[in-house]
Amino acid sequence: MFCEDLTQADDLGRVVIPKEIRRTLRIREGDPLEIFTDREGEIILKKYSPIGELSVFAKQYAESLSQTMGCLVCVCDMDQIIAAAGNGKKELQEKYISKALLKELENRNSILAAKGDKKYVKIISDQEEDYECEAVTPIICEGDVIGGVIFLTKEEKKKFGIPEEKMASCAASFLGRQMEQ
């Protein structure tokens, strides 16, 4: 049944993926997919992430920023955290981002907030522990939002301000330009 549903095609010959599968895999209509086959003839669908192509570079960049800024640094695409560096990275690495964060990124909103502020959003859906401060900036490539750069801290004494906001913005701009090349 699953294979029969995937063999349906529209008038242009594109594969039609049923709503249930799209919902489960977090694939929106119009999202690009990569299609792979294995040796046994199985078909593997993978959502294409433009920023995922930079995952090794993004990880190195996040590590450098984390050491410089002394906080947890994450780079995400529009689905999940693709790179994380700093204290607490294992809690976030490869986790799906929250709907609230996705909405802020889609609206091209930068966030500089402390826990309890109106602008504060959870980074991942199943986030158990709140961070004291966050700085989030969308990554824009050729006019489209493709992800975000996130700075986080759990330290109560460390408040984010203009320097963290500017560094997140600089990192997002740099990664966006790398994708354009």
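Visitor: Is Glu 91 buried, partly exposed or exposed?
Guide: In this predicted model, the relative accessible area of Glu 91 is 36%. Buried residues fall under 20% and exposed ones over 50%. The class of Glu 91 is therefore partly exposed.

Visitor: With which residue does Glu 91 meet in a salt bridge?
Guide: Side chains of opposite charge can pair when their charged atoms come close. For Glu 91 the N to O distance in the salt bridge is 3.2 Å. The partner is Lys 154.

Visitor: How many residues apart are Lys 154 and Glu 91, and where does each lie?
Guide: Lys 154 is in the loop between strand S7 (144-153) and helix H6 (162-180), and at 31% relative accessibility it counts as partly exposed. Glu 91 belongs to helix H4 (residues 89-92). The pair thus links distant parts of the chain, with a separation of 63 residues.

Visitor: Which residue forms a salt bridge with Glu 63?
Guide: The closest N and O atoms of this pair are 3.8 Å apart, and the cut-off for a salt bridge is within 4 Å. Both residues lie in helix H3 (residues 55-69), four residues apart, so about one helical turn separates them. Glu 63 is partly exposed at 30%, and its partner, partly exposed at 38%, is Lys 59.

Visitor: Is Glu 132 buried or exposed?
Guide: Glu 132 meets Lys 115 in a salt bridge, at 3.2 Å from N to O. Both lie in the loop between strand S5 (111-114) and strand S6 (133-141), so the pair ties together parts that are 17 residues apart in sequence. Lys 115 counts as partly exposed at 40%. Glu 132 has a relative accessible area of 13%, which is under 20%, and is therefore buried.

Visitor: Which residue in S7 stands opposite Cys 74?
Guide: Strand S3 (residues 72-76) and S7 run antiparallel and are joined by five bridges. Opposite Cys 74 stands Ile 150.

Definitions and conventions: Residues are numbered from 1 along each chain as its sequence is written. This is a predicted model: local features need pLDDT of at least 70, side-chain atom pairs count only at pLDDT 80 or more; totals for chains, interfaces and linings use all residues. Side-chain values use heavy atoms; hydrogens and water are left out. A salt bridge is a side-chain nitrogen of Lys or Arg within 4 Å of a carboxyl oxygen of Asp or Glu. Helices (H or I, at least four residues) and strands (E, at least two) are DSSP runs, numbered from the N terminus. Buried means under 20% relative accessible area, exposed over 50%, partly exposed in between (1.4 Å probe, protein chains only). Two strands pair if DSSP finds at least two bridges between them.
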